[in-house]
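The following exercises are to be worked with the sequence and the coordinates at hand. Each task is followed by a solution in steps.

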Amino acid sequence: MAKHEPVILGIETSCDDTSAGVVQGSSKILSNIISSQVKIHSEFGGVVPELASRSHLENIYIVIEEALKQAALKLEAIDGIAVTYGPGLVGSLLVGIEVAKSLSYVYKKPLLKVNHLEGHIFSSLFMEKNIKFPFIALIVSGGHTELVKVSAFGRYSIIGQTRDDAVGEVFDKVAKLLELGYPGGPEVEKLAARASFEIKFPEAVMKDGSFDFSFSGLKTAVRNYKHNNLDIDNNSLCSGFQQAVIAALLNKTFKVALKNNIKRLVLGGGVIANKTICEAFVKKAKKEGLDLFIPTGKLCTDNGAMIALAGYHKYLKKQFCELDLNADPGLTL
Ligand code: KG4
Ligand code: ZN
């Protein structure tokens, strides 16, 4: 790696993870520190916005210091500061934004505003020297279920989305129904892996020819099944639910790729931490002859490095923003 490759600090506080990461160029992650608030929110069965912003405040400087320490860099050596400005919880976003603005001002470093979803989209492509466009991105997290055609950096068209619950949200709600704890996704996946058989649930897609999803019917089907079959084991229920989600995601995503004649597919968002979902995509992509990009490890869930990576591309284009940057909780692509 050439020494002059820009180094970007990324700050992410959109929901319940306080995170900072340092990247150099488009392919070197120097650090990626995440402070999870799961313990704080788990007793409430979901994220409590007020507690989230307070915890971000307590942890943000610790996380940034650790990210710099692991990268063996001082703030003076950073070329740009990228921060998530939406979508997310307003109180949480503001913590990251205010800290990024202060550091930008004091250290005279350009400020780069990043859409959280852009972070998820580009997190699996950090090893690609020259990202080839267009590609289809499927973003599935606690707050988003988005099928996007990406034509270039900053050029996105949303082709499909959920009409009700996001995929991660429905995992969390099914887990709550079965009293598995929060966040539910990893627990549901664990139980599903132990199932000896699975219950058949209907696919969670809109049958109106659109590329939209709908997960509330599936959630109700799981609830009704449990209600009517109290002695059913949760493993089979989780496995059937997970298979129905996978069927819906595969169905719409590959149809979109085929219809647009696009051979590259990118996955992103917390739900992509689910190995069974990833394996199903790998298998189908191989069969259909598509190149598939999946983020690994910490890059799946919310993290600062993915914000720094997206920020790096903005830095190259000199897309700097002013110090009056504000949070945009409902930001879209
Ligand atoms: O991207 P993320 O960390 O935060 C948001 O931007 O929402 O995603 C969090 C979501 C949660 O709903 C969580 O239950 C889900 O991702 N998730 C999973 C798994 N790990 C996390 N869902 C299914 N299977 C998993 N293994
Ligand atoms: Zn996210």
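**Exercise 1.** Which residues of helix α6 (residues 184–193) are buried? Determine how they are placed around the axis, and identify what covers them.

*Solution.* The model is a predicted one.
Step 1. The buried residues of α6 are Gly 184, Gly 185, Val 188, Glu 189, Leu 191 and Ala 192.
Step 2. Because these residues cover an arc of only 165° around the axis, they lie on the same side of α6.
Step 3. The cover over the buried residues of α6 includes α5 (167–177), α8 (234–259) and α9 (275–288).

**Exercise 2.** Describe the open sheet of five strands and the helices that pack on it.

*Solution.* Step 1. The strand order is β3-β2-β1-β4-β5, and the pairing is mixed.
Step 2. β3 (28–36) and β5 (111–115) are the edge strands, each pairing on one side only.
Step 3. From one strand to the next, the twist averages 20°.
Step 4. Strand β1 (residues 7–12) and β4 run parallel and are joined by four bridges; Leu 9 stands opposite Ile 81 in β4.
Step 5. Helix α2 (residues 49–71) packs on the sheet and touches β1, β2 (17–24) and β3. The direction of α2 makes about 25° with that of β2.
Step 6. α10 also packs on the sheet, where it touches β1, β2, β3, β4 and β5. The direction of α10 makes about 130° with that of β1.

**Exercise 3.** Is Ala 82 buried or exposed? Locate this residue and list its contacts.

*Solution.* Step 1. Ala 82 belongs to strand β4 (residues 80–86).
Step 2. Its relative accessibility is 0%, so Ala 82 counts as buried; the cut-off for buried is under 20%.
Step 3. Leaving aside residues up to four places away in sequence, Ala 82 touches Ile 8, Leu 9, Gly 10, Ile 11, Leu 112, Val 114, Ile 307, Ala 308 and Gly 311.
Step 4. Thr 18 is 64 residues from Ala 82 in sequence, and the C-alpha to C-alpha separation of the two is 14 Å.

**Exercise 4.** Which protein donors does the zinc ion (ligand 2) have, and how are the donor residues spaced in sequence?

*Solution.* Step 1. The protein donors are His 116 (NE2), His 120 (NE2) and Asp 302 (OD), lying 2.1 Å from the zinc ion.
Step 2. The spacing of the donor residues is H-x3-H-x181-D.
Step 3. His 120 lies in helix α4 (residues 116–122) and Asp 302 in the loop between β10 (291–293) and α10 (304–316), so this pair ties together parts that are 182 residues apart in sequence.
Step 4. Both His 120 and Asp 302 are buried.

Methods: Residues are numbered from 1 along each chain as its sequence is written. Chains are lettered from A and ligands numbered from 1 in the order in which they are written. This is a predicted model: local features need pLDDT of at least 70, side-chain atom pairs count only at pLDDT 80 or more; totals for chains, interfaces and linings use all residues. Side-chain values use heavy atoms; hydrogens and water are left out. Buried means under 20% relative accessible area, exposed over 50%, partly exposed in between (1.4 Å probe, protein chains only). Helices (H or I, at least four residues) and strands (E, at least two) are DSSP runs, numbered from the N terminus. The arc is that of the directions from the helix axis to the C-beta atoms. Contact means heavy atoms within 4.5 Å. Donors are N, O and S atoms within 2.8 Å of the metal (3.2 Å for Na, K and Ca); water is not among the atoms, so sites may look incomplete. Two strands pair if DSSP finds at least two bridges between them. Axes are lines fitted to C-alpha atoms, for helices over the stretch in contact, and angles run from 0 to 180 degrees between N-to-C directions.
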